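Subject: Structure for you to look at

Hello,

Here is the structure I promised, with its sequence. My notes follow below it.

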Amino acid sequence: METKTRTALFICFFVCYVFPLFGIEYVTTVPKSGDGIYALLRRYNLPTTPEYVNEFKTINSDNLNNNYKLISGKVYELPLYQLTFDGKTIRTTLGYNDYQHAKIIENYNREVTRSGVKGQLYTRDLKLWVPFSMMPESVEINHETETLGGGNNTFPIFGEKYKNVKLVDNQLKGAVYYLVSGHGGPDPGAIGKRARNKMCEDEYAYDITLRLARRLLEHGAKVYMIVRDQNDGIRDSHYLKCDSDEIYYGGHKISAQTVTRLDKRAEIINQLYNQNKAIYSTQQVVIIHVDSRSYSKRIDIFYYYEKGVAASKKLATTLYKTVKNKYAIHQPGRGYGGKVLTRDLHMLRKTVPTAVYIELGNIRNPLDQDRLVLENNRQAVANWLCEGIIKAFK
């Protein structure tokens, strides 16, 4: 299995695109006086194991004090999904044909209904409760259930205009690929201004990440989008509206606390890596950000790799050379200020699969802004990064 190593590795990419179930949300509750996390979990017939306690702490990080005590009057999300029942069976609702697993979920729902925690059975109120550890991996990983194998496949997260993706070839078949756009949710990242318009880092990083994901899919890859916005598909406009409704893969909220936020991203990736390692020999991570420096500082694109990890350095170098060559072809004599550097970054250290961290330019510099504001340039960056990934794969 491909993990970080200090010896040379053959790097290849396969991308697995992820969509959570439509109509999915957390069950919420207001604790009673004197309740703690354990009491709340027990009331909903959920385990009080470290897995569930830690999940509760993660999804409610903004509503817990330093001692993880519950705050009176606050609404808390439980590690318990609520899905819209399709009126047929649990299996068709989940798109997961495992009878025994469906029976376990059915029994849980009958139990919480009998205890009075849930008012009606799912067959009446059409609200199916699924404890987060009972959610089948295949459902979490791919709601759409299609894989690219020819013809068109529909991915709503790209937006109406770009949702249909046609398989071009299978050059990238065989590995798992995790894409992480920077910041999101309560944190917009770096802020730039242009023609009186506000530019939020997370919006431009997300748009280019979506465009990259779509190109990778066209070449037979499967992609996990770790940060996702169900409303913002690929947008063909200069100025992208800043919002804060991004979430993580699996429906998790994005914390306002930097370390918590980064740890959750790495945790999600590492969990998926463990699920996939028995099937796929190669798994890779690309993290996309936009830098912020002084107004006059033009930096082009920087590629950061983890020190001592040959695979990370090779990936960063391949992407750098590909983009530099593209600029030489399309803008001869321009010069290219991008660099490949090693840097002690949290996400490079904490993710198990080999990772590379990309800064797309200086959001405050007018020339670097052209790369972000002009939608054709955003697409070109995605195209060139995809080409670099294909070269690294070969």
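This is a predicted model: local features need pLDDT of at least 70, side-chain atom pairs count only at pLDDT 80 or more; totals for chains, interfaces and linings use all residues.

A195 sits in the loop between β7 (191-194) and β8. A195 has a positive phi of about 50°, and it is not a glycine. Most residues other than glycine have a negative phi.

R196 has a relative accessible area of 88%, so it is exposed.

Now the disulfide. How many are there by the distance rule? The count comes to one. C200 is joined to C242, with an S to S distance of 2.1 Å. The torsion about the S-S bond is about 110°, so this disulfide is right-handed. The link spans distant parts of the chain, as the two cysteines are 42 residues apart. C200 belongs to strand β8 (residues 197-200). C242 is in the loop between β10 (227-228) and β11 (247-248). Are the two cysteines buried or exposed? C200 has 2% relative accessibility, so it counts as buried. C242 has a relative accessible area of 27%, so it is partly exposed.

S237 is in the loop between β10 and β11 too. At 29% relative accessibility, S237 is partly exposed. Which residues does S237 touch, beyond those up to four places away in sequence? They are V373, E375 and R378. S237 and E375 are 138 residues apart in sequence. Their C-alpha atoms are 6.3 Å apart in space.

α11 covers residues 366-373, and α12 covers residues 375-393. Two packed helices are described by the angle between their axes and the distance between the axes. For α11 and α12 the angle is about 80° and the axes are 5 Å apart. An angle from 65 to 115 degrees counts as roughly perpendicular, so α11 and α12 are roughly perpendicular to each other. On the α11 side the contact is made by D370, R371, L372 and V373. On the α12 side it is made by E375, N377, R378 and V381.

A few more points on α11. What caps its N-terminal end? N365 does: one of its side-chain oxygens lies 3.0 Å from the backbone nitrogen of L367. Within α11, D368, Q369, R371, L372 and V373 are buried.

Next, the nonpolar cores. The largest one has 53 residues. The residues with the most contacts inside it are F158, L179, L212, L216, Y303 and L385. Helix α12 gives the most to this core, with 10 residues. There is also a second, separate core of 32 residues, which includes L46, F56, L78 and Y81.

Leaving aside neighbours within four places in sequence, L212 is in contact with L179, I288, A382, L385, C386 and I389. One of these, C386, is buried, with a relative accessible area of 1%.

Y162 is next. It lies in the loop between β4 (152-154) and β5 (164-166). Y162 has a relative accessible area of 16%, so it is buried, the limit being under 20%. Apart from neighbours within four places in sequence, Y162 is in contact with R214, I234 and D236. Y162 and R235 are 73 residues apart along the chain. The separation of their C-alpha atoms is 9.4 Å.

Last, T93. Where is it? T93 lies in helix α3, which runs over residues 90-94. At 11% relative accessibility, T93 counts as buried. Its side chain makes a polar contact of 3.0 Å with the side chain of D86.

Over to you.

Best wishes

Notes
Residues are numbered from 1 along each chain as its sequence is written. Side-chain values use heavy atoms; hydrogens and water are left out. Helices (H or I, at least four residues) and strands (E, at least two) are DSSP runs, numbered from the N terminus. Buried means under 20% relative accessible area, exposed over 50%, partly exposed in between (1.4 Å probe, protein chains only). A polar contact is a pair of N or O atoms within 3.5 Å; within protein, one must be able to donate a hydrogen and the other to accept it, and residues adjacent in sequence count only if both atoms are side-chain atoms. A nonpolar core is a set of buried Ala, Val, Leu, Ile, Met, Phe, Trp, Tyr and Cys residues joined through side-chain atoms within 4.5 Å. Contact means heavy atoms within 4.5 Å. A disulfide is a pair of cysteine sulfur atoms within 2.5 Å. Axes are lines fitted to C-alpha atoms, for helices over the stretch in contact, and angles run from 0 to 180 degrees between N-to-C directions. Angles under 35 degrees count as roughly parallel, over 145 as roughly antiparallel, 65 to 115 as roughly perpendicular and the rest as oblique.
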